[in-house]
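Work through the exercises below with the model open. Try each task before reading its solution.

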Amino acid sequence: MPTNKWITIKGTRDGLTLFMNDSCSWEELLGEVEEILSAKHMAVDEPLITVKIQLGNRYITDAQAETLRKIIKKHNKLVVEEIVSDVILKEEALRWKDETDLKLHNRVIRSGQVLEITGDLLLIGDVNPGGKVVATGNIFIMGNLRGVAHAGATGNRKAVIAASYMAPSQLRIADIISRSPDSDGEGVPMECGFIEKDGEQIIMDRISSLAKSRPELDAFERRVMNG
Amino acid sequence: MGEAIVITSGKGGVGKTTTTANLGTSLALLDKKVCLIDTDIGLRNLDVIMGLENRIIYDIVDVLEKRCKISQALIKDKRFDCLYLLPAAQTTDKSALTPEGMIEIIDELKPDYDYILIDCPAGIEQGYKNAVAGADKAIVVTTPEKSSVRDADRIIGLLEQEKVEPPHLIVNRIRNHMVKNGDMLDVDEIVQVLSIDLLGIVADDDDVIRASNHGEPVAFQPNSRASIAYRNIARRILGESVPLLSLEQKETFMDKVKKVFGLQK
Ligand SMILES: Nc1ncnc2c1ncn2[C@@H]1O[C@H](COP(=O)(O)OP(=O)(O)O)[C@@H](O)[C@H]1O
Ligand SMILES: [Mg+2]
């Protein structure tokens, strides 16, 4: 069996992880993958093995990833589950930043006005009845929320909505909608709304409880750690 | 050089025309030279409230389409030499009035008047845009009802996109007993939601309706509640600081405190 120059293989309970050297050339790497896989002869009755690729500090394009998947797939007992790299394009990094940045706005959102942002929203001011704020991330309002707030607008159910004074006509988080009770009730100071784990509705609680239910509010950090 | 102030509300029937007529009258009582412009084409009634309907020969559209000079269309008030009205057209096509036309007219009037008050039609369409076009300042009128406050909020949002200064608020038709029972929004609540400066409040007063029916704005009367309120607002427009009268408004917390300690004048 040839000794591997560029690839280290580790077997875990969940399958194989291939650690790829990130300083050799891409062709060398592909060559070695072919070599290793053709050398290993797997019995027909063996179960499917999932493969995780660790690229280290190497960036590959989607086309390159596709080639790699194809080579591995040729050996029909293997499926590529994940290709992980420690580096991303600047462009993508900027998108992540934009999607997770806190956007500060200092104004009153009046009836008929809509404020739509990418990322988290910090609004210093009121959302009046008939006004609406929409964010792909969390919504924090230092003021009265009397209109509509939609957090996690692109589908993030982990998003939260918090306000100094919570008297919304409607709250939306991702695809879940909750409306105010029909009996024109008073609002509540310092409240937040979120969806409980596996829940299907928006729960209201004091803002101070957020530390417990959403310890990782900082979306950027979460994204960097978990991709 | 005069100042052009548009009186607007979004919702109809809250008292824009009444406010325009009465502020015009009140400013004239204070010796200011005032011109009122009715921009509610097709639904004019500023002339009726002023009692000047029978004097109309030309209107604002005639001026814009050069059928007459602006001085020929202006109607002098019955009671004051310093108060004039430029009436709206009643029959012509609405589209004859444009923002550019309004700016042209206001620019022509400004050198001759201290104040030009523009009565705005209801709605947020073309009529509103025309009325706001040449204005330096804006007054938003609302009644203490949710729907009216909602529309005022919408208008304030739209005014933010115009060249006018931040608008001031008049709360009209306040009925004290209803506010006390909690059946009407109170003024503090309205001001808090709209977050603009309060210029004044006007009680719901039968004298207003009686006076308009006689073609004489209520502000001309010496003692009615609404009349005093309008004249106070006019003084505030001139920059005087006139406190809100208890007759205009319910007692504030400070008033109550002062009373308890015997400090009330
Ligand atoms: N303070 C008031 N007290 C009593 N009636 C009022 C008052 N203000 C306005 N009104 C009445 O309300 C009606 C609508 O007023 P108007 O000024 O024509 O409103 P708009 O111009 O905003 O449509 C009129 O019949 C008017 O007499
Ligand atoms: Mg009117």
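This is a predicted model: local features need pLDDT of at least 70, side-chain atom pairs count only at pLDDT 80 or more; totals for chains, interfaces and linings use all residues.

**Exercise 1. Find how much area chain B and chain A bury between them, and which residues of chain B lose the most.**

Solution. 
- Step 1: List the contacts. In chain B, 12 residues are in contact with 12 residues of chain A.
- Step 2: Compute the area. The two chains bury about 970 Å² between them. Carbon and sulfur atoms carry 33% of it.
- Step 3: B:R150, B:D153 and B:V193 lose the most area to chain A. Together they make up 44% of what that side buries.

**Exercise 2. Identify the polar links across the interface, and the helices on the chain B side.**

Solution. 
- Step 1: Search for salt bridges. The rule finds two across the interface of chain B and chain A.
- Step 2: Inspect B:D153. B:D153 forms a salt bridge with A:R110, with the closest N and O atoms 2.9 Å apart.
- Step 3: Count polar contacts. Six residue pairs across the interface qualify, both residues at pLDDT 80 or more.
- Step 4: In chain B, α7 (146-159) and α9 (187-194) each supply at least two residues of the side that touches chain A. α7(B) gives the most, with six residues.
- Step 5: Sort by class. That side of chain B has four nonpolar, three polar and five charged residues.

How values were computed
Residues are numbered from 1 along each chain as its sequence is written. Chains are lettered from A and ligands numbered from 1 in the order in which they are written. Side-chain values use heavy atoms; hydrogens and water are left out. Contact means heavy atoms within 4.5 Å. Buried area is the accessible area (1.4 Å probe) that two parts lose on being put together, summed over both. A salt bridge is a side-chain nitrogen of Lys or Arg within 4 Å of a carboxyl oxygen of Asp or Glu. A polar contact is a pair of N or O atoms within 3.5 Å; within protein, one must be able to donate a hydrogen and the other to accept it, and residues adjacent in sequence count only if both atoms are side-chain atoms. Helices (H or I, at least four residues) and strands (E, at least two) are DSSP runs, numbered from the N terminus. Ala, Val, Leu, Ile, Met, Phe, Trp, Tyr, Cys and Pro count as nonpolar, Asp, Glu, Lys and Arg as charged, and the others, Gly among them, as polar.
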